[in-house]
Each structure stands twice: as C-alpha cells, then as structure tokens.
Amino acid sequence: MAAGDGAAALAMFTHALQVNRRLGSERGVAMMTRRVGEALVAQDRPREAIGPLTEALAFFTGRGDHYNRARVLSGLARALVADGRAADARTALHDALDAAGAVGARREVAGIHESLADVARLLGDPAAERRHLEQAVALFQELGARRGEAVAARLAELRRRPDPQAPR
C-alpha cells in the first residue's frame, strides 16, 4: 500500500488500473485490481473491496500464480475480517497458506500464520492462536525478520494468560 493518504492511494491505484486496461495488460489489471481492493480495505470500505479482490483472485488462480494468489487471499481475508466474517477469513487464509507454501514463500507463510492467529483470537480459539503464533515466530526467526520480535512478544503474553479451557 502506498504510504500516507488512503484516498490518494486509492486514486493512484484506480488510475494505474485504467492505464493497464488501456494497454491491454491483463496481469497489470489484476495487480492493480488487487491494490484497489487493498486500498478500499485501508479506507474501512471492506464490502467494496471484496469484489475487486475476488476478481484479482480469479485471474491469479486461473494462471496458476500461487504467490500472487496467496497475496490476494491475504488481502481478501483482511476485508472479510473487517466485514465481520472471521470464519470466512480463516478459510481464505488457509487457502493462502496452501498457495504460499506451494511456492516456498516462507515470509508470506509466516505472515499468514500471524493473520490466522488474529482470526483465531477473534473466534475465541486461544489454542489455535498460540499454534499459529508459534509457527509464525519460528519462520520469522529463521528468516532473520524483525517482525519475529513483535510476534514473539505477543506469544509470550498469550502464554502468560490463564487457559480458559484448563480444569479448575
């Protein structure tokens, strides 16, 4: 996403989408359609974002582009969460995990596990949240990614909380 003003980002991506359409670049159209969807989510317009993201998903799925399919599915999951559809977001994220794993996109896999932890928290599943955070931390640390520090801190905090399913 472009830094700064969300409206400016949406305008920029919409313009780039129109240019790619005029040029006849199907891949460019799909990429900018994804970016328009992401910009709509960033502007708290998740319902409007679902259409463009689904359109981009169809393109990348049809082309067997697993990496960009994973990226679109992750964006679609953010839109679904923002639209109050966490269970649908979980399904999209599991599909994204499969797609990213198919091409060895480990950074994407780590981020998807972090997103799955977010969804698990929303769905009230601390065991799944912990499991996904553990996987995200391990991957981020293997990659030497600084993001791993924040995720590890979140995991440590989760481990300090009492387990609501533990016998009393």
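Modeller: Happy to. Let's start with a word we'll need: two residues are in contact when they have heavy atoms within 4.5 Å of each other. Keep in mind that this is a predicted model. Now try the idea on Ile 112: leaving out residues up to four places away in sequence, Ile 112 touches Ser 74, Leu 93, Ala 96, Leu 97 and Ala 100.

Colleague: Okay, contacts make sense. Which residues touch the most other members of the largest nonpolar core?

Modeller: That core has 48 residues, and Leu 53, Leu 76 and Ile 112 are the ones touching the most other members. At least two core residues come from each of α1 (6–23), α2 (26–42), α3 (46–62), α4 (66–82), α5 (86–102), α6 (106–122), α7 (126–143) and α8 (147–160). The largest share is from α5, with 8 residues.

Colleague: Next up, helix pairs. How do I describe two helices packed together?

Modeller: Two packed helices are described by the angle between their axes and the distance between those axes. Here, take α3 and α4: their axes come within 9 Å and cross at roughly 160°. An angle over 145 degrees counts as roughly antiparallel, so α3 is roughly antiparallel to α4. The crossing of α3 past α4 is left-handed.

Colleague: Which residues make the contact between α3 and α4?

Modeller: On the α3 side they include Ala 49, Ile 50, Leu 53, Leu 57 and Phe 60. On the α4 side you'll find, among them, Val 72, Leu 73, Leu 76, Ala 79 and Leu 80. You've met Leu 53 and Leu 76 already, in the nonpolar core.

Colleague: What about charged side chains? How many salt bridges are there?

Modeller: The idea is a side-chain nitrogen of Lys or Arg within 4 Å of a carboxyl oxygen of Asp or Glu. The count comes to 16. One of them joins Arg 160 and Glu 157, with the closest N and O atoms 3.0 Å apart. These two are 3 residues apart in helix α8, so about one helical turn separates them. Arg 160 counts as exposed, at 58% relative accessibility, while Glu 157 is partly exposed at 36%.

Colleague: And Glu 38 with Arg 35: are those two buried or exposed?

Modeller: Both are buried. Their side chains meet in a salt bridge, 3.4 Å from N to O. They sit 3 residues apart in helix α2, so they too are about one helical turn from each other.

Colleague: Where do the partners lie when Arg 159 pairs with Glu 134?

Modeller: That salt bridge has its closest N and O atoms 2.9 Å apart. Arg 159 is in helix α8 and Glu 134 is in helix α7, so the pair ties together parts 25 residues apart in sequence. Salt bridges can also link up as a network, as Arg 47, Asp 83, Arg 85 and Asp 88 do here.

Colleague: Let me try one: what surrounds Glu 114?

Modeller: Glu 114 is in helix α6 and counts as buried, because its relative accessibility is 12%. Apart from its neighbours within four places in sequence, Glu 114 is in contact with Ala 136, Phe 140, Arg 147, Val 151 and Arg 154.

Colleague: Last one, then. Where is Ala 105 found?

Modeller: Ala 105 is in the loop between α5 and α6, and at 13% relative accessibility it counts as buried. Setting aside neighbours within four places in sequence, Ala 105 is in contact with Tyr 67 and Ala 100.

Note on methods
Residues are numbered from 1 along each chain as its sequence is written. This is a predicted model: local features need pLDDT of at least 70, side-chain atom pairs count only at pLDDT 80 or more; totals for chains, interfaces and linings use all residues. Side-chain values use heavy atoms; hydrogens and water are left out. A nonpolar core is a set of buried Ala, Val, Leu, Ile, Met, Phe, Trp, Tyr and Cys residues joined through side-chain atoms within 4.5 Å. Buried means under 20% relative accessible area, exposed over 50%, partly exposed in between (1.4 Å probe, protein chains only). Helices (H or I, at least four residues) and strands (E, at least two) are DSSP runs, numbered from the N terminus. Axes are lines fitted to C-alpha atoms, for helices over the stretch in contact, and angles run from 0 to 180 degrees between N-to-C directions. Angles under 35 degrees count as roughly parallel, over 145 as roughly antiparallel, 65 to 115 as roughly perpendicular and the rest as oblique. A crossing is left-handed if the near helix is turned anticlockwise from the far one by less than a right angle, and right-handed if clockwise.
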